[in-house]
Amino acid sequence: METINWPDFEKIEIRAGTILEANDFPKARNPSYQLVIDFGPELGIKKSSAQITTLYSKEELIGKQIVAVVNFPPKQIANFMSECLVLGVVGDNKDVVLLQPNKQVSNGQRVA
């Protein structure tokens, strides 16, 4: 594992957001949802593709707070432009468990 220093970590913008929409993404190579996430007034609304279909239904994702890296450049996935990377823990079967605050926080607050 490569080590990083504190200035490297400070460059990563990890923010809290609330999922507003979760839609099927049939054109994705791996089963995924297209998410619409509110990151508050400073960052606004961002979209993300997330391979979380095994453990989460679209309905249960609505209103869920998550954490995501918001300062990667946009990435095209099939016909969709992903603007942030939703973070999760990857299990042995490649199932992803979302990282989320254990108490309600304001959208856009930074993880430190």
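Mentor: Let us start with contact, which here means heavy atoms within 4.5 Å. This is a predicted model, in which local features need pLDDT of at least 70 and side-chain atom pairs count only at pLDDT 80 or more, whereas totals for chains, interfaces and linings use all residues. Residues are numbered from 1 along each chain as its sequence is written, and side-chain values use heavy atoms, with hydrogens and water left out.

Trainee: Fine, so what is Ser 49 in contact with, leaving aside its neighbours within four places in sequence?

Mentor: With those neighbours set aside, Ser 49 is in contact with Phe 25, Ser 32, Tyr 33, Ile 77, Phe 80 and Ser 82. Ser 49 has its place in strand 3, residues 45–50, where strands are DSSP runs of E with at least two residues, helices are runs of H or I with at least four, and both are numbered from the N terminus.

Trainee: Is Ser 49 buried or exposed?

Mentor: Ser 49 has a relative accessible area of 17% and is therefore buried; the term means under 20% relative accessible area, while exposed means over 50% and partly exposed lies in between, with a 1.4 Å probe and protein chains only.

Trainee: Stepping back, how many helices and strands does the chain have?

Mentor: The chain has three helices and nine strands, and from the N terminus on its elements run α-β-β-α-β-α-β-β-β-β-β-β. Of the 112 residues, 36% count as buried, and the C-alpha atoms fill a box of roughly 40 × 35 × 30 Å, taken along the principal axes.

Trainee: Which strands pair with strand 1?

Mentor: Strand 1 pairs with strand 4 in the antiparallel sense over five bridges, and with strand 2, also in the antiparallel sense, over six bridges; pairing requires that DSSP finds at least two bridges between two strands. Ala 16 stands opposite Val 67 in strand 4, and Ile 19 stands opposite Ile 37 in strand 2.

Trainee: And the core, which residues have the most contacts inside it?

Mentor: The largest nonpolar core has 17 residues, and those with the most contacts inside it are Leu 35, Ile 37, Ile 52, Leu 61 and Ile 66. Such a core is a set of buried Ala, Val, Leu, Ile, Met, Phe, Trp, Tyr and Cys residues joined through side-chain atoms within 4.5 Å. Two or more residues come from each of strand 1 (14–24), strand 2 (33–38), strand 4 (65–69) and strand 9 (96–98), with strand 2 giving the largest share, three residues. Beyond four places in sequence, Ile 66 touches several residues, including Arg 15, Ala 16, Ile 19, Ile 37 and Leu 98.

Trainee: You mentioned Arg 15, so where does its side chain reach?

Mentor: The side chain of Arg 15 reaches the backbone oxygen of Gly 108 at 2.8 Å. Arg 15 has its place in strand 1 and counts as buried because its relative accessibility is 10%. Among the residues Arg 15 touches, not counting those up to four places away, are Phe 39, Glu 42, Ile 66 and Gly 108.

Trainee: What about Thr 18, buried or exposed?

Mentor: Thr 18, also found in strand 1, is buried, with a relative accessible area of 13%.

Technical notes:
A polar contact is a pair of N or O atoms within 3.5 Å; within protein, one must be able to donate a hydrogen and the other to accept it, and residues adjacent in sequence count only if both atoms are side-chain atoms.
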